[in-house]
Amino acid sequence: MNLYIGREASKLWKRFCAEISTEISLLIDNWKYLLGGLIFQYIHGVAARGVHYIHRPGPILQDVGFFLLPELGQDKAYLSETLFTFIFLSFVAWSFHPFILKSKKIYTVLLWCRVLAFLVGCQILRILTFYSTQLPGPNYHCREGSRLATLPPPDNAYEVLFMNFRGVLYGCGDLIFSSHMIFTLVFVRSYQKYGTQRFMKQLAWLLAVTQSLLIIASRKHYTVDVVVAWYTVNLVVFFVDKKLPELPDRTNGTALLPLSSKERDTKTRDESHKLLNGNSVDPTDRV
């Protein structure tokens, strides 16, 4: 028994080290895209913080979702955040499965380059939208009478640019469209394409619908914020996905890593040299 455990642990360690080496090579070629996507997450957070300064509380707007779904109340408002956290952590954990599991379909670095591209596209539209028109926030801390509903003018740029955790949780004014649904739908769409378990794909869509209902029931967003997110995110993912190079499929175990720009240039020169010398290019050499 101990021999078997030791042998399997050794295999797992070798697999992990091999995956680390592969992902590092991909990271060297794609770090700019990852860094750009992460920086934009900060920019999106600053933009959401900024709109809070111009938010003005007022009567809650008439909303069909508020009419159909009973209000959860402040004591149960955590339910939507709990589900979102579960979806977020589940996707992150799945994206790193190639480091451990033998069967794998994706490269983690390339997947996150794609995911961040989807997020940035959606967040640019979101920033433009919630700065165009500020609606009175339906959340409890954004209503009339709450001291968190409005922010005094900042004393300096530091207050705006360097956000705190409380400011992220208790923001107001960044309504159309829901940021939670952007992340949820991008993750679900990504797993729908690159995941392998049919049941998990169906469960993911069910969780996305449940998340939508909980957001409305907890009064964190109006129904329009969620509805706009559903069609906007899906359209952005569809069109951006068409523009990006497809990820190599690893399921058959023979997929090659994407060539770096230097390797691609060298390969192109070699093929051109063969053609100029009258030699045909081997089709198997083409990527």
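# Close-up views of a predicted model

**Panel A. Leaving aside neighbours within four places in sequence, His55 is in contact (heavy atoms within 4.5 Å) with Leu135, Pro136, Gly137, Cys142, Ala149, Thr150, Cys172 and Gly173.** The model is predicted, so local features need pLDDT of at least 70 and side-chain atom pairs count only at pLDDT 80 or more, while totals for chains, interfaces and linings use all residues. Residues are numbered from 1 along each chain as its sequence is written, and side-chain values use heavy atoms, with hydrogens and water left out. His55 sits in the loop that runs between α1 (2-52) and α2 (64-68); helices (H or I, at least four residues) and strands (E, at least two) are DSSP runs, numbered from the N terminus. His55 counts as buried because its relative accessibility is 0%; buried means under 20% relative accessible area, exposed over 50%, and partly exposed in between, with a 1.4 Å probe and protein chains only. Between His55 and Pro136 there are 7.1 Å from C-alpha to C-alpha, although they are 81 residues apart in sequence.

**Panel B. Polar atoms of the His55 side chain lie by the backbone of Gly137 and of Ala149.** A polar contact is a pair of N or O atoms within 3.5 Å; within protein, one must be able to donate a hydrogen and the other to accept it, and residues adjacent in sequence count only if both atoms are side-chain atoms. The distance is 3.0 Å to the backbone nitrogen of Gly137 and 2.8 Å to the backbone oxygen of Ala149. Gly137 and Ala149 are also among the residues in contact with His55.

**Panel C. Cys142 and Cys172 are joined by a disulfide, with 2.0 Å from S to S.** A search of the whole structure finds one such link, defined as a pair of cysteine sulfur atoms within 2.5 Å. The bridge connects distant parts of the chain, 30 residues apart: Cys142 belongs to the loop between α4 (108-132) and α5 (157-161), and Cys172 to the loop between α6 (165-169) and α7 (179-194). The link is left-handed, with -95 degrees about the S-S bond. Cys142 counts as buried because its relative accessibility is 3%, and Cys172 counts as buried because its value is 1%. Both cysteines are among the contacts of His55. Elsewhere, Cys122 is buried, with a relative accessible area of 0%, whereas Cys17 is partly exposed, at 33%.

**Panel D. The largest nonpolar core has 46 residues, and Val115, Val186, Phe187 and Val233 touch the most other members.** At least two residues of this core come from each of α1, α3 (78-95), α4, α7, α8 (198-217) and α9 (223-243). The greatest share comes from α4, with ten residues. A nonpolar core is a set of buried Ala, Val, Leu, Ile, Met, Phe, Trp, Tyr and Cys residues joined through side-chain atoms within 4.5 Å. Not counting residues up to four places away in sequence, Val186 touches Val115, Phe118, Leu119, Val233 and Val237. Another core, of seven residues, lies apart from the largest one and includes Phe40, Ala48, Val51 and Phe130.

**Panel E. Lys201, in helix α8, reaches the backbone oxygen of Gln192 with its side chain at 3.2 Å.** Lys201 is buried because its relative accessible area is 19%. Not counting residues up to four places away in sequence, Lys201 touches Tyr191, Gln192, Gly195 and Thr196.

Panel F. Phe177 is part of the loop between α6 and α7. Arg219 is in the loop between α8 and α9 and is buried, with a relative accessible area of 5%.

**Panel G. An unreviewed UniProt entry places the feature "transmembrane region" at residues 77-97, 109-131 and 168-187.** UniProt positions are given in the numbering used here, feature names are shortened, and annotations may be inferred rather than shown by experiment. In the model, residues 77-97 are 86% helix and 0% strand, with end C-alpha atoms 32 Å apart. Residues 109-131 are 100% helix and 0% strand, and their end C-alpha atoms lie 33 Å apart. The protein chain has ten helices and zero strands, and 41% of its 287 residues are buried.
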